[in-house]
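Please look at the structure first.

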Amino acid sequence: MAAAGSELVRITVNVKEAAAAVPAIVENVRAAGYTTPIIGDFHYNGHTLLAEFPACAAALDKYRINPGNVGFGTKHDANFATMIEVACRHEKPVRIGVNWGSLDQSVLTRLMDDNAKRPDPVDATSVLHEAMIVSALESAAFAERCGLPHDRIIISARMGSKGIVASTAAWAVLLQEGIGDTIRISLTPAPGASRTEEVIVAQQVLQSMGLRQFTPQVAACPGCGRTTSTFFQELADEIQTYIRTRMPEWKTRHRGVEAMHVAVMGCIVNGPGESKQANIGISLPGTGEDPKAPVFIDGKKVTTLQGEEIVPRFKQMLEEYIVTHYSAG
């Protein structure tokens with residue numbers, strides 16, 4: 001996750017064995033050269049684990065706790081306070097995380113009772129939504145009274161495109177209003193798939209809104225009757241993959257490269273125009289067009305490629321552009 005660009009990484013700490021292993025995990029990660037903050041994810045027994053394993057509490061950079069499952073009745077506040085006290089002792093921030101499946105039932109019961117007394121009560125689903133927000137805010141306020149920094153994050157895990165669209169729609173509104181210092185996209189991965197897609201989507205949300213720059217953007221046309229060949233699609237995907245693969249090295253050597261714009265277009269209609277707007281762009285031939293691909297750099301046509309040289313030569317020109325236009329880091 002850190003190699004993909006995640007600026008925070010969370011690990012599960014659910015049993016004593018996991019808590020005991022945390023210091024070694026952190027030490028090994030640091031030895032590998034990663035400085036990314038590591039967050040411990042605690043549920044149900046976090047107060048016990050943090051108290052019994054002080055080395056774990058000290059090694060972690062942050063704690064994630066859920067107010068809905070830290071205990072019930074009189075034990076709730078005491079257990080929550082224990083974790084906050086440990087955090088204060090080690091000067092660690094805390095993330096308050098609320099989930100549908102582990103909502104603080106005392107808050108939900110209170111709001112349901114209040115709703116029943118209204119002259120025009122709302123439906124149960126609306127109360128449930130309110131309870132999630134109230135639970136997070138009340139727990140964060142409690143942490144704040146203890147002098148502990150905190151952040152607030154709203155996420156919802158879903159699969160594939162549904163998860164991407166839902167997360168983007170929610171975060172776009174919040175970010176537009178200036179809400180949120182930490183963003184997480186929560187996606188359910190396909191079996192055996194990498195979790196790094198979460199990082200990529202989060203970066204794209206921020207970059208598309210102009211809030212952060214992470215990697216050069218590749219513009220490509222959607223295709224139409226003029227682009228019966230799939231070559232431009234394959235090239236666009238290959239260039240995007242090539243850029244993401246090369247970025248770990250580029251960003252250490254060439255300051256500002258993440259803001260670069262690349263265009264891989266499929267025909268004469270939008271190809272030259274889009275390519276001229278990019279830092280470097282190529283306009284591939286469409287159906288019935290002359291089988292040549294003009295390349296534009298900073299708005300000017302510099303050469304024309306054709307045949308088998310198109311892919312390797314364009315990659316070479318991309319590398320040359322970066323070396324000559326982005327200073328050494």
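Is Tyr321 buried or exposed? Tyr321 is buried, at a relative accessible area of 4%. Buried stands for under 20% relative accessible area, exposed for over 50%, and partly exposed for the range in between (1.4 Å probe, protein chains only).

## Basis

This is a predicted model: local features need pLDDT of at least 70, side-chain atom pairs count only at pLDDT 80 or more, and totals for chains, interfaces and linings use all residues. Residues are numbered from 1 along each chain as its sequence is written, and side-chain values use heavy atoms, without hydrogens and water.

## Aromatic pairs

The whole structure holds 3 aromatic pairs. Rings of Phe, Tyr and Trp (its six-membered ring) pair if their centres lie within 6.5 Å; planes under 30 degrees apart are stacked, over 60 edge-to-face, the rest tilted.

Phe42 and Tyr63 have ring centres 6.0 Å apart and planes at 90°, so this pair is edge-to-face. Phe42 sits in the loop between β2 (38-41) and α2 (46-52), Tyr63 in strand β3 (residues 62-65), so the pair ties together parts 21 residues apart in sequence. Helices (H or I, at least four residues) and strands (E, at least two) are DSSP runs, numbered from the N terminus. Phe42 and Tyr63 are both buried.

Tyr321 also pairs with Tyr326: centres 6.2 Å apart, planes at 65°, so edge-to-face. Tyr326 is buried too, at 13% relative accessibility.

## Helix packing

Helix α9 (residues 231-253) packs on helix α11 (residues 310-325) at about 35°, with axes 11 Å apart. Axes are lines fitted to C-alpha atoms, for helices over the stretch in contact; angles run from 0 to 180 degrees between N-to-C directions. The residues of this contact (heavy atoms within 4.5 Å) include Trp250 in α9 and Phe314 in α11.
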